[in-house]
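Open the model in your viewer, keep the selection tool at hand, and follow along stop by stop.

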Amino acid sequence: MGPFEILCGTAAVILALYYFFTSTFNFWVSRGVSGPRPIPALGNFKDVMLNNISVGDYLAEIYEKYKDEPMIGIFARKTPVLVLKDLDLIKDVLIKDFSVFASRGMPTFEKAEPLSQHLFSLEPKRWRPLRIKLSPVFTSGKLREMFSLISECADNLVQYMEKLADKQEPVECRELTAKYTTDVIGSCAFGIEMNALSNEDSEFRKMGRKAFTPTWIALLRIRLRQMFPWLYEISGYILPQTETTKFFIKVIVETMEYRETNNITRNDFIDMLRELKKNPDKLGNIEMTDSLLASQAFVFFLAGFETSSTTISNALYELALNQKIQDQLREEINEVYVKYNGDLKYDNIKKMDYLDKVFKETLRKYPPGTILMRESTSSYTFDAPKVNIPKGQKVFIPVYAIHRDPDIYPKPDVFDPERFNEEVVQKRHPLAFIPFGDGPRNCIGARFAVYQSKLGLVKILRHYRIEACEKTPIPYVNDPKAFILAPKGGLHLKIVKIDSQS
């Protein structure tokens with residue numbers, strides 16, 4: 001073969017690849033939807049894929065750039081993705097026409113990633129019956145039953161913090177609060193003493209840390225999963241299961257078997273899974289495998305400790321930078337303690353109005369999940385503007401960008417709990433604040449997350465003043481490698497013990 005033939009062959013391959021990677025790029029233009037120009041093979045996610053910017057920050061950038069557009073068309077490599085900005089359109093997707101958008105569009109991998117078959121990712125067919133059966137675990141009545149367990153973990157946190165305060169050194173608060181929420185989840189959901197606060201070598205804390213530590217291997221797995229899902233699933237037949245997967249399947253299966261053998265009943269999350277295993281007919285034609293059951297416990301553990309611990313630490317960060325707000329919140333906490341003679345109960349937390357405002361403003365400014373994802377299960381036409389999308393269309397709802405929109409929240413970088421005064425809230429669109437999502441597929445554990453976080457904050461602030469120190473990240477910069485919203489380099493603060501309370 002001569003040089004000319006080689007050149008022609010090379011050119012043909014390049015042209016074929018170029019066509020393959022750009023063949024969908026007129027998708028949004030043909031529908032009259034504006035958006036940034038994509039790059040062949042990378043689409044609009046080059047900087048996100050290279051870990052130069054977090055996906056939340058990237059979507060906030062294009063949200064601002066296309067300020068007057070109700071929707072934006074972008075590409076994940078060559079796949080068209082619709083970013084919704086208009087809150088009425090978002091309401092249609094999450095609530096009004098939920099049946100068309102019941103899927104998150106997140107594939108599950110039974111071989112490569114057995115624990116991916118959880119409630120968050122499952123397709124509608126398995127998600128719906130599982131959601132119905134697991135929901136009773138998260139009722140307000142169940143929370144009342146769990147309250148003393150959560151309170152005990154919070155008291156252990158206060159005792160643990162005394163040692164840290166005595167050292168008078170900067171404390172990494174994300175790790176501190178993760179130990180507390182790990183213990184809460186263990187005690188309330190699994191009936192297992194995880195001892196993350198009392199034992200530095202707690203196996204559960206180690207596994208939780210591994211699951212959210214963005215190592216290069218973890219990032220490589222994510223990229224492979226995104227770009228070549230078929231190859232990723234095949235790898236499950238070759239590569240061994242991760243340490244985290246083996247650990248959680250073993251723990252959940254053994255815990256269920258131990259309770260069955262010893263006739264132990266706690267009416268908690270594990271018992272609900274035991275019930276599903278014994279009565280699979282209640283879920284229709286779904287096969288209740290050990291990995292499917294363990295997946296539900298796994299996601300509850302991960303989502304329960306990480307999102308709540310991040311929110312608590314972000315609240316402490318803002319309170320450290322806004323001492324007047326911290327003082328006002330502590331005053332409310334002490335007043336409630338005095339009013340009820342130090343007997344803090346479930347309903348007392350609900351009566352702390354300023355705590356609720358501080359908590360919501362923290363979630364407004366730092367939503368742990370920066371985007372919501374949905375996928376259409378049939379073709380669909382939006383009303384205004386009239387845009388038709390096919391079955392399988394991926395839709396992103398940019399939570400972080402909405403929460404930072406100055407037209408919705410003036411001076412969005414300012415931490416102002418009064419944004420959540422009832423009168424102010426009534427004037428805002430109900431979909432302007434969606435840290436837990438909305439509609440039938442909202443966060444199943446939202447109520448649990450709120451109470452473990454609030455109770456942790458109450459106990460901390462009653463005994464300690466939180467202050468900024470030389471290692472405190474100012475400004476707060478989002479870590480582009482983190483799986484949920486988190487600051488680069490951790491979140492260091494100073495803990496100062498307050499004179500003992502009565």
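Leaving aside neighbours within four places in sequence, which residues is lysine 365 in contact with? Select Glu318, Tyr400, Arg404, Pro412, Asp413 and Phe415 to see them; contact here means heavy atoms within 4.5 Å. Before going further, note that this is a predicted model, in which local features need pLDDT of at least 70, side-chain atom pairs count only at pLDDT 80 or more, and totals for chains, interfaces and linings use all residues. Residues are numbered from 1 along each chain as its sequence is written, and side-chain values use heavy atoms, with hydrogens and water left out.

**Stop one: lysine 365**

Stay on lysine 365, which sits in helix H16. Helices (H or I, at least four residues) and strands (E, at least two) are DSSP runs, numbered from the N terminus. Is lysine 365 buried or exposed? Lysine 365 is buried, with a relative accessible area of 9%; buried means under 20% relative accessible area, exposed over 50%, and partly exposed in between, using a 1.4 Å probe and protein chains only.

Now show the side chains of lysine 365 and glutamate 318: they make a polar contact at 2.8 Å. A polar contact is a pair of N or O atoms within 3.5 Å; within protein, one must be able to donate a hydrogen and the other to accept it, and residues adjacent in sequence count only if both atoms are side-chain atoms. Next, show the backbone oxygen of aspartate 413, which lies 2.7 Å from a polar atom of the lysine 365 side chain.

**Stop two: cysteine 173**

Select residues 173-190, helix H7, where you will find cysteine 173. Cysteine 173 is buried, and its relative accessible area is 0%. Not counting residues up to four places away in sequence, cysteine 173 touches Ser313, Leu491 and Leu493.

**Stop three: residues 7-29**

Finally, select residues 7-29, which an unreviewed UniProt entry annotates as "transmembrane region". UniProt positions are given in the numbering used here, feature names are shortened, and annotations may be inferred rather than shown by experiment.
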